Amino acid sequence: MVRDRFGPGKPARALVELAVPLRCAGCARHGAVLCADCDGEFGRLRRVRPGLLAESPPVYALGRYRGGARRAVLAYKEYGRRDLVRPLGDRLARAVGTVRGECVEFPDEGPFRMVPVPSRPAAVRARGGAHLVRLAHRAARCLGEDAVVDDRLRLSRVSRDSVGLDATRRLDNIRRGLRVRAPRAPRRGEPVVVLDDVVTTGATVSCCVDALGADGTRVVAVVVLAAARG
């Protein structure tokens, strides 16, 4: 059961908005971090089938990587809009809660882990931290004590930016640099949900699922903010 922690912020937030008027990260409209229209672009949870991870585990996306959703993801990921942690993390929490109720392999009760897809070390430094880990922790707080954030995946420096690479080269690039930190391994049989921001070809999540599987981990689903296709 997802806890009811998605309500309005504290009164102090209103004072901040008076001093520095908020603009929606998706459309630049005044008055909200993410306006109702742009927030709604992350409200259409559906199963997608990226070419490299078409069947198992199932991949679910909250929105399409276009328009306000695309601008919001980029604003958070690349341009320092940390005020988006709350709305995007809350959306992920709702999605994971929904997937838990629908996915046959995902038990309705008991502990589970959320494993964020890692970023390259240079990107983590440039962004002031691991952006998906922050979202995962926000989602975990909303989901309650059953949800544990497990950020044991790492990309080494040998991995370079995948922008512009085709699916085959993306796979090779990620596989060469992906590392699993053994001390973070869950108990045997404990289900894992992989979290990512955007899925395109499925190369990144496919490599993460394979690495976790080789480590004895049961990945039951992948949940992403947006899908570029499908």
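Predicted model: local features only at pLDDT ≥ 70, side-chain atom pairs only at ≥ 80, totals over all residues.
**Whole chain**

Start with everything shown. The chain has 8 helices and 8 strands. Of its 230 residues, 49% count as buried. Among contacts in the chain with a separation of 6 or more, 72% are between residues 24 or more positions apart.

**Helices α4 and α6**

Select residues 85-102, which form helix α4, and residues 131-143, which form helix α6. Two packed helices are described by the angle between their axes and by the distance between those axes. Here the axes come within 8 Å and cross at roughly 60°. The pair is therefore oblique.

Now show the side chains where the two helices touch. From α4, select Val85, Arg86, Leu88, Gly89, Asp90, Leu92, Ala93, Val96 and Gly97. From α6, select Arg134, Leu135, Arg138, Ala139, Cys142 and Leu143. Colour these contact residues by type, and they divide into 9 nonpolar, 2 polar and 4 charged.

Which residues of α4 are buried? They are Val85, Leu88, Gly89, Asp90, Arg91, Leu92, Ala93, Ala95, Val96, Val99 and Arg100. Next, check the length of the helix with the distance tool. At 1.5 Å a residue, the 18 residues of α4 should span 26 Å, and the C-alpha atoms at its ends are 25 Å apart, so the two values agree.

**Helix α8**

Move to residues 203-214, helix α8, and repeat the length check. Its 12 residues should span 16 Å at 1.5 Å a residue; the end C-alpha atoms are 17 Å apart, which agrees. The buried residues of α8 are Ala203, Val205, Ser206, Cys207, Cys208, Val209, Ala211 and Leu212. Then select Gly216, which follows α8 and has a positive phi, near 85°.

**Ala28**

For the last stop, select Ala28, in the loop between α1 (11-19) and α2 (36-40). Is Ala28 buried or partly exposed? Its relative accessibility is 38%, so Ala28 counts as partly exposed; the buried class ends under 20% and the exposed class begins over 50%.

Technical notes: Residues numbered from 1 in each chain as written. Heavy atoms only, no water. Axes fitted to C-alpha atoms, helices over the stretch in contact; angles between N-to-C directions. Helix = DSSP H or I, 4+ residues; strand = E, 2+ residues; numbered from the N terminus. Parallel < 35°, antiparallel > 145°, perpendicular 65-115°, else oblique. Contact = heavy atoms within 4.5 Å. Nonpolar A, V, L, I, M, F, W, Y, C, P; charged D, E, K, R; others polar. Expected span 1.5 Å × (residues − 1). Buried < 20%, exposed > 50% of the residue type's maximum accessible area, 1.4 Å probe, protein only.
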